Amino acid sequence: MSQLALPLQLADHAVFASFLSDGNETLVATLSGIAGGQHGHGCWLWGAPSAGKTHLLQAVCDAAGDRAAYVPMSMFVETGAEILDGLATRELICIDDVDDVFGRPEWELALFNLCNQIFDAGGQLVVSAAAAPRECGIALADLQSRFSRLPVFQLRSLDDNAIVAALQLRSRHRGLELPDDTASYLLKRSRRDMSSLYDLLDRLDKEALRAKRRLTIPFVRDVLEDTVSNG
C-alpha cells in the first residue's frame, strides 16, 4: 500500500472489496475508475461522520498503489501546511477531512497551490468533507473555484438491513462468519455508527481467534459484558 514519507499507513481492511456500496454505487464506481487511471480531475465526497469516507479514500489509494498518496487532515492540521509540499509529484492525491483546515489562510493557500499543481500536471484530487464545497466555509475564493471543478457526491448512510450486510461483508473479508442473529444483536447493544461497529468487530475477531469460538450471541454477549466491566 502506498504511503507518504510520514508515520502513516493505510488500514488493511480499507479496500473496495470490503465496502458495501448499496445506495452509493455511482460513487464507488467513480472512485474505482479514478483509482484505475480514468481521466478527470477527481471528485469531492461528503457525508455524515463514520459513513465510510475514510474507508473509500484509503481504498482508492490501495487500488492505485504508488501512484497515490493519502493525507488525513485531522492528523496533520496542527503540523503546518508545508506537509502538502511536493505532493503533486503523485498522480492521485486523496485528502481526508479537508474541511478541517478551511478558514486557516496558510492552509487554504497551500491547498490552492496544490490544486493548481495537480490539475496542471494532469493529476487527480479526491477529497472528503462533512458537507458539499459551498457549505464548508472556504474563505479563499480562488480555492472555492478550484474545488468547483470536482464532481460532488454525497455518501449515503446505510439503513439497518444494509448495516447488517456491511458487517457481514467486513466479517467475510476477515475470514469470519457473522450470523444474521448475531449481527442484529450487535446493532441493538452497541453504538450504531459504522466506525464503532467496525472497531467492535475487530475486537470480536481477536477474541474469537484467541478463544477459538464462533461469533454466536452468547460469545458476543460475554465480550460486551467484559468490555463494560473493564471499561
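Which hand does the crossing of α1 and α2 have, right or left? The views below take up that crossing and others in this predicted model.

**View 1. Helix α1 packs against α2.** The crossing of α1 and α2 is right-handed. Helix α1 covers residues 25-35. The two helices, α1 and α2, pack at an angle of about 35°. Their axes lie 8 Å apart. From α1, the residues in contact are Leu27, Val28, Leu31 and Ala35. They meet Leu56, Val60, Ala63 and Ala64 in α2. By class, this contact of α1 with α2 has eight nonpolar residues, no polar and no charged.

**View 2. Helix α6 meets α7.** Helix α7 runs over residues 180-189. The axes of α6 and α7 come within 10 Å and cross at roughly 115°. This crossing of α6 and α7 is right-handed. On the α6 side, look for Asp160, Ile163, Val164, Leu167 and Gln168. On the α7 side, look for Asp180, Ala183, Ser184 and Leu187. The contact of α6 with α7 has five nonpolar, two polar and two charged residues.

**View 3. Helix α6 also meets α8.** Here the axes of α6 and α8 come within 11 Å. They cross at roughly 35°. The crossing of α6 and α8 is right-handed. Helix α6 brings Ile163, Ala166, Leu167, Arg170 and Ser171 to the contact. Helix α8 brings Met194, Leu197, Tyr198 and Leu201. The residues of this contact of α6 with α8 divide into seven nonpolar, one polar and one charged.

**View 4. The largest pocket has a volume of about 550 Å³.** Rolling a probe the size of a water molecule over the atoms shows where empty space is left. The largest pocket is lined by 31 residues. Closest to its centre are Ser50, Ala51, Gly52, Met194 and Ser195. By class, the lining of the largest pocket has 13 nonpolar, nine polar and nine charged residues.

**View 5. Arg104 and Glu78 form a salt bridge.** Side chains of opposite charge can pair when their charged atoms come close. The count for the model comes to six salt bridges. In one of them, the side chains of Arg104 and Glu78 meet at 3.2 Å, N to O. Where do the two partners sit in the chain? Arg104 is in the loop between β3 (92-96) and α4 (105-120). Glu78 is in the loop between α3 (73-76) and β3. The pair links distant parts of the chain, 26 residues apart.

Definitions and conventions
Residues numbered from 1 in each chain as written. Predicted model: local features only at pLDDT ≥ 70, side-chain atom pairs only at ≥ 80, totals over all residues. Heavy atoms only, no water. 1 Å grid on protein atoms, 1.4 Å probe; cavity = no way out; pocket = protein on both sides within 12 Å on 5 of 7 lines; lining within 4 Å. Points joined across faces, edges and corners; volume = space filled by probe spheres on them. Nonpolar A, V, L, I, M, F, W, Y, C, P; charged D, E, K, R; others polar. Axes fitted to C-alpha atoms, helices over the stretch in contact; angles between N-to-C directions. Helix = DSSP H or I, 4+ residues; strand = E, 2+ residues; numbered from the N terminus. Left-handed = near helix turned anticlockwise from the far one by under 90°. Contact = heavy atoms within 4.5 Å. Salt bridge = Lys/Arg side-chain N within 4 Å of Asp/Glu carboxyl O.
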